[in-house]
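Morning, everyone. Please look at the screen while I walk you through one chain.

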Amino acid sequence: MKTDYILMAETPLLQGKLLEAHDYLKKAYSIGSVRAFRDQPKLYLQIAKSKALDEEDVLLQFSALNVNARLLSEIKGDQ
């Protein structure tokens with residue numbers, strides 16, 4: 001269930017709706033604590049624990065995560 005909240009946060013993050021994403025991540029954190037985030041990007045835990053969000057910084061970090069994930073996927077696909 002806690003991972004459901006983490007997954008539900010990804011769409012608002014992609015859409016730039018950080019407050020909505022923060023609510024989902026905060027809920028996941030309250031249910032599962034740090035363990036819920038162990039297989040997730042560190043940024044998700046930072047968002048969950050934050051009280052105030054620097055939206056521009058979070059969006060830049062999230063964009064970098066997406067770019068890195070795509071690059072890794074392409075590299076693995078080429079091998």
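Which residues does L13 touch, not counting residues up to four places away in sequence? Keep in mind that this is a predicted model. Here is the list: L18, A21, Y44, I47, V58, L59 and F62.

Now the core. The largest nonpolar core has 17 residues. Six of them touch the most other members: I6, L13, L25, F37, Y44 and I47. So where do the core residues come from? Helix α3 provides the largest share, with five residues.

Next, the aromatic rings. There are three aromatic pairs in the structure. Take one of them, Y29 with F37. Are the two partners buried or exposed? F37 is buried, because its relative accessibility is 4% and the cut-off for buried is under 20%. Y29 has a relative accessible area of 27%, so Y29 is partly exposed. Remember F37 from the core: F37 is among the residues there that touch the most other members.

Last stop, E56. E56 sits in helix α4, which covers residues 55–78. Buried or exposed? E56 is exposed, because its relative accessibility is 61% and exposed begins over 50%. Now find G16. E56 and G16 are 40 residues apart along the chain. Their C-alpha atoms are separated by 9.2 Å.

Note on methods
Residues are numbered from 1 along each chain as its sequence is written. This is a predicted model: local features need pLDDT of at least 70, side-chain atom pairs count only at pLDDT 80 or more; totals for chains, interfaces and linings use all residues. Side-chain values use heavy atoms; hydrogens and water are left out. Rings of Phe, Tyr and Trp (its six-membered ring) pair if their centres lie within 6.5 Å; planes under 30 degrees apart count as stacked, over 60 as edge-to-face and the rest as tilted. Buried means under 20% relative accessible area, exposed over 50%, partly exposed in between (1.4 Å probe, protein chains only). Helices (H or I, at least four residues) and strands (E, at least two) are DSSP runs, numbered from the N terminus. A nonpolar core is a set of buried Ala, Val, Leu, Ile, Met, Phe, Trp, Tyr and Cys residues joined through side-chain atoms within 4.5 Å. Contact means heavy atoms within 4.5 Å.
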